[in-house]
Structures are given as C-alpha cells and as structure tokens.
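Here are my notes on the model, point by point. Have the structure open while you read.

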Amino acid sequence: MDQYKNNSEAQNFYKIIIVGGGFAGLGAAIKLKEAGVEDFILLEKAAEMGGVWRENTYPGCACDVPSALYSYSFEQNPSWSRVFAPQAEIKQYLFDVVDKYQIMPHVKLNHEALQAQWSDEEQCWIIQTNHGELRSQFAILACGPMHEPVLPNVKGIQDFKGEIFHSSQWRHDLDLTGKRVAVIGTGASALQFVPQIQPKVKQLTIFQRTAQWVLPKSDMPLLAPVRAMFKLLPLTQQLMRGSVYGIFETINGGIQSPAAMKQFQKTCQMAFKFPDKRSYFT
C-alpha cells in the first residue's frame with residue numbers, strides 16, 4: 001500500500017491506463033467516467049480515434065452486422081442511413097460519442113504502447129510508449145488486431161512486379177480500372193470490396209482456402225420517416241435492436257447443432273434458390 005501511495009504521487013502515474021481508441025477502449029473510458037473515475041488516460045497510437053473504422057477505408061467498407069446491434073446499447077444512433085452502416089458513418093458515430101462523453105481530455109494521441117509489464121517490486125504496471133514510460137495501478141488493453149495486415153506466405157511473392165497491398169491499407173491512389181487483379185482470401189473485407197471492384201477490372205481471380213456459404217445481405221436504406229421514428233420514439237429502435245440480437249444469437253447457437261444447420265440449409269435453399277452444395281457446411 002505504501003508503495004502504491006509513493007507511485008501515485010510520482011509523475012506519469014495514473015490509476016488506470018487504457019490502450020486503444022476503438023470501440024472497446026472508448027467504451028471502457030465512458031464507463032470509468034460514469035463510475036466517477038477521472039484518474040485515467042487512453043493511449044491511441046494514431047492521430048485520431050476510431051480504431052478499425054479509422055484504418056479500414058477499402059471500397060464498400062461497412063458493418064457486417066446491422067448497425068442497431070453494432071453500437072453501444074447505452075448510446076443508440078437514430079440517424080444511421082442504412083441497415084448496415086458504411087465505414088464513414090461508424091467512424092463519425094465514434095467521434096460523436098467521444099465528444100458527448102468528453103473523453104478527449106483523457107486521450108493521448110500518437111502514443112503507441114510498445115510494452116506492458118507488471119512490476120512486483122513497484123506493484124504497478126509499467127507501460128513503455130514511443131513517448132517514454134508510464135505507470136498505472138490498472139491497465140485495460142483494448143488494442144484490437146483487426147487492422148494489422150497479415151500478408152500471405154506465398155513463395156516468390158517478393159519477386160512479383162505488380163502492385164501489392166492489403167485491404168486494410170487500401171491504395172486509393174491506384175486505379176484498378178482495366179487491370180488484372182488477384183484477391184487472396186474471402187473473409188468479411190473481400191466480401192465487401194470484391195463486388196465494388198469487379199465491374200471495373202479487366203480480370204478478377206479470387207483465391208479461397210475454404211469454401212463458405214454467403215447469404216444475401218439484407219441491406220437497405222433507412223428512410224427519413226424511420227429515422228424520425230427512432231429519434232422521437234427511442235423504444236422502437238431498442239425493440240429492433242433486441243430483435244436483431246435474438247435472431248443472431250439463435251443462428252449462432254444453431255451452428256453448434258449439425259441437425260439445426262441442415263434445416264437452416266434447406267430453408268435458405270428454398271428462400272434463395274441456392275443449389276445443393278453439401279461442401280458449404282463441411
């Protein structure tokens with residue numbers, strides 16, 4: 001206790017240090033303030049908040065779950081323009097939440113946490129940053145990895161003469177019109193940007209390791225009357241959020257049951273007229 005008291009009086013010591021300025025880090029900061037805790041800082045390595053929604057700007061970048069669910073339960077946004085909000089709107093939503101809850105006074109931008117280690121001797125966390133050493137009684141690590149590029153280990157890739165870039169570091173200065181393009185991977189990012197670039201490229205080749213079944217995206221604009229209803233009657237948006245949550249949890253639970261998935265497969269084939277491809281569920 002005496003050691004902690006000495007530390008708390010030292011320079012660059014905080015009760016709590018949060019690492020990361022995306023959804024998780026921002027949410028932690030808001031809840032700390034709501035609990036009356038003001039002795040904390042949030043370290044963000046970039047020049048602005050936003051996390052994955054700041055880093056990813058590829059064509060078609062958007063939420064892959066309905067926006068009503070992909071937002072703070074305590075801070076619903078009645079102004080989403082679509083069921084699945086685009087990247088720019090999600091980023092702006094985060095900025096608006098930062099302003100509303102007055103988080104910026106706690107934020108240190110351009111501060112990258114390089115190492116975090118607990119010291120038994122000093123009874124605190126020692127966090128090395130690109131601006132020096134910080135200490136805290138508690139550390140909340142909210143540094144998500146989803147924007148860090150993972151390049152494929154393909155033999156000879158270093159000798160490729162064309163342009164290579166990861167979707168999380170999209171080259172907006174490159175015009176893909178009329179080009180031959182190869183896409184490695186069919187994850188959430190590829191599902192969004194491939195339909196955007198396909199009409200303009202000369203040839204598109206997609207390399208997929210594991211086949212998957214992709215259902216049509218039930219995206220649509222949220223018209224002005226709907227947005228007005230959400231704003232005037234917040235309960236309607238809360239009900240929609242609860243419904244979406246229930247549907248997604250039911251589907252996710254069904255994945256654990258092969259029998260349930262077979263029934264789900266039949267239902268989707270009937271609804272969307274898909275061919276019978278058993279490999280989709282292997």
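1. Confidence first. The mean pLDDT of the protein is 90, and 93% of its residues reach 70 or more; pLDDT is the predictor's confidence in each residue, on a scale from 0 to 100. A contact here means heavy atoms within 4.5 Å. Where pLDDT is low, the predicted coordinates should not be read in detail.

2. Ground rules. This is a predicted model, so local features need pLDDT of at least 70 and side-chain atom pairs count only at pLDDT 80 or more, while totals for chains, interfaces and linings use all residues. Residues are numbered from 1 along each chain as its sequence is written, and side-chain values use heavy atoms, with hydrogens and water left out.

3. Overall layout. The protein has eight helices and eight strands, taken as DSSP runs numbered from the N terminus (helices are H or I, at least four residues; strands are E, at least two). Its C-alpha trace spans about 70 × 60 × 40 Å along the principal axes. Of the 282 residues, 34% are buried, where buried means under 20% relative accessible area, exposed over 50%, and partly exposed in between (1.4 Å probe, protein chains only). Among contacts between residues at least 6 apart in sequence, 58% join residues at least 24 apart.

4. Helix H2 and Gly25. Gly25 is found in helix H2. Is Gly25 buried or exposed? It is buried, because its relative accessible area is 0%. Leaving aside neighbours within four places in sequence, Gly25 is in contact with Ile18, Gly20, Leu42 and Ala142. For a sense of scale, Gly25 and Ile247 are 222 residues apart in sequence and 27 Å apart in space, C-alpha to C-alpha.

5. Lys31 and Glu34 both sit in helix H2 (residues 23-34), three residues apart, about one turn of the helix. An α-helix has 3.6 residues a turn, so residues three or four places apart point the same way. Lys31 forms a salt bridge with Glu34, their closest N and O atoms being 3.0 Å apart; the term covers a side-chain nitrogen of Lys or Arg within 4 Å of a carboxyl oxygen of Asp or Glu. Both partners are partly exposed, Lys31 with a relative accessible area of 40% and Glu34 with 47%.

6. Other salt bridges. How many salt bridges does the structure hold? There are eleven. Lys33 pairs with Glu38, the closest N and O atoms being 3.3 Å apart; Lys33 counts as partly exposed at 21% relative accessibility, and so does Glu38 at 44%. Arg171 and Asp173 form another, with closest N and O atoms 2.8 Å apart. Here Arg171 is partly exposed at 26%, whereas Asp173 counts as exposed at 57%. Glu44, Arg54 and Glu55 are linked in a network of salt bridges.

7. Lys91, worth a look. Lys91 is found in helix H4 (residues 87-100). Lys91 counts as buried because its relative accessibility is 19%. Beyond its neighbours within four places in sequence, Lys91 is in contact with Glu48, Trp53 and Arg54.

8. Helix H5. The buried residues of helix H5 (residues 188-197) are Ala190, Gln192, Phe193, Val194 and Ile197. They pack against strand S7 (180-184) and strand S8 (203-207).

9. The second largest pocket. About 1,300 Å³ of space lies in the second largest pocket. Of the 31 residues that line this pocket, the closest to its centre are Asp64, Trp213, Leu215, Pro216 and Phe248. H5, helix H7 (234-254) and helix H8 (258-272) are the elements that give two or more residues to the lining, and H7 provides the largest share, five residues. By class, the lining has 22 nonpolar, seven polar and two charged residues.

10. Terms for the pocket. On a 1 Å grid over the protein atoms alone, a pocket is an open set of points where a 1.4 Å probe fits, with protein on both sides within 12 Å along at least five of seven lines; lining residues have an atom within 4 Å of a point. Points are joined across faces, edges and corners, and the volume is the space filled by probe spheres set on them. Ala, Val, Leu, Ile, Met, Phe, Trp, Tyr, Cys and Pro count as nonpolar, Asp, Glu, Lys and Arg as charged, and the others, Gly among them, as polar.
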